[in-house]
Amino acid sequence: EKRNLVKSRHSGIRDRIIELSRSFDYGQLNTLGGKLYFKEKVVGTLNEFFGQAIVKNAHISSLYLQ
């Protein structure tokens, strides 16, 4: 059930993550602590988006900084 919810709201999830990433600067995301904080914010943002705590962890396989 939760997988279907995530799949059906894929574009909204992507938009929230892009919006969140724009609030961080290079200096923040270039450190381990900053990346861990970003992951925490992703989880919180997505749970807020869904209106329930369905996301427990975020795995970020790559992060490109420009």
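1. Let's start with a term: a patch is built from residues with over 30% relative accessible area and no salt bridge, where like charges are joined within 9 Å and nonpolar side chains (Val, Leu, Ile, Met, Phe, Trp, Tyr) within 5 Å. A salt bridge, in turn, is a side-chain nitrogen of Lys or Arg within 4 Å of a carboxyl oxygen of Asp or Glu. Here, Tyr26, Ile60, Leu63 and Leu65 make a nonpolar surface patch of about 320 Å². The areas come from the Shrake-Rupley method with a 1.4 Å probe, and for residues only the protein chains shown count as cover.

2. Before going on, note that this is a predicted model, so local features need pLDDT of at least 70 and side-chain atom pairs count only at pLDDT 80 or more, while totals for chains, interfaces and linings use all residues. Residues are numbered from 1 along each chain as its sequence is written, and side-chain values use heavy atoms, with hydrogens and water left out.

3. Now the overall layout. The protein has four helices and zero strands, giving the order α-α-α-α from the N terminus on. Helices (H or I, at least four residues) and strands (E, at least two) are DSSP runs, numbered from the N terminus. Along the principal axes, the C-alpha atoms fill a box of roughly 40 × 20 × 20 Å.

4. What about the surface? Its accessible area is about 5,300 Å², and carbon and sulfur atoms hold 48% of that. Of the 66 residues, 24% are buried; buried means under 20% relative accessible area, exposed over 50%, and partly exposed in between (1.4 Å probe, protein chains only).

5. On charge, count 11 positive and 6 negative side chains, with the centres of the two sets 7 Å apart. Lys and Arg are the positive ones, Asp and Glu the negative ones, and His and the chain ends are not counted. Each charge is placed at NZ of Lys, CZ of Arg, CG of Asp or CD of Glu.

6. Next, contacts, meaning heavy atoms within 4.5 Å. Among contacts with a separation of 6 or more, 47% are between residues 24 or more positions apart.

7. Have a look at phenylalanine 24, in the loop between helix 2 (10-22) and helix 3. Is phenylalanine 24 buried or exposed? It counts as buried because its relative accessibility is 11%. Beyond its neighbours within four places in sequence, phenylalanine 24 is in contact with Leu29, Gly34, Tyr37, Phe38 and Lys41. Phenylalanine 38 is 14 residues away in sequence, and the C-alpha to C-alpha distance is 8.2 Å.

8. Asparagine 47 belongs to helix 4 (residues 32-50) and is buried, at a relative accessible area of 15%. Which residues does asparagine 47 touch, not counting those up to four places away in sequence? They are Gln52, Ala53, Ile54 and Val55.

9. Isoleucine 54 lies in the segment after helix 4, and counts as buried at 16% relative accessibility. Apart from neighbours within four places in sequence, isoleucine 54 is in contact with Lys2, Leu5, Val6 and Asn47. Alanine 53 is also found in the segment after helix 4, but it counts as exposed, at 64% relative accessibility.

10. Finally, find glycine 12 in helix 2. Glycine 12 is buried because its relative accessible area is 12%.
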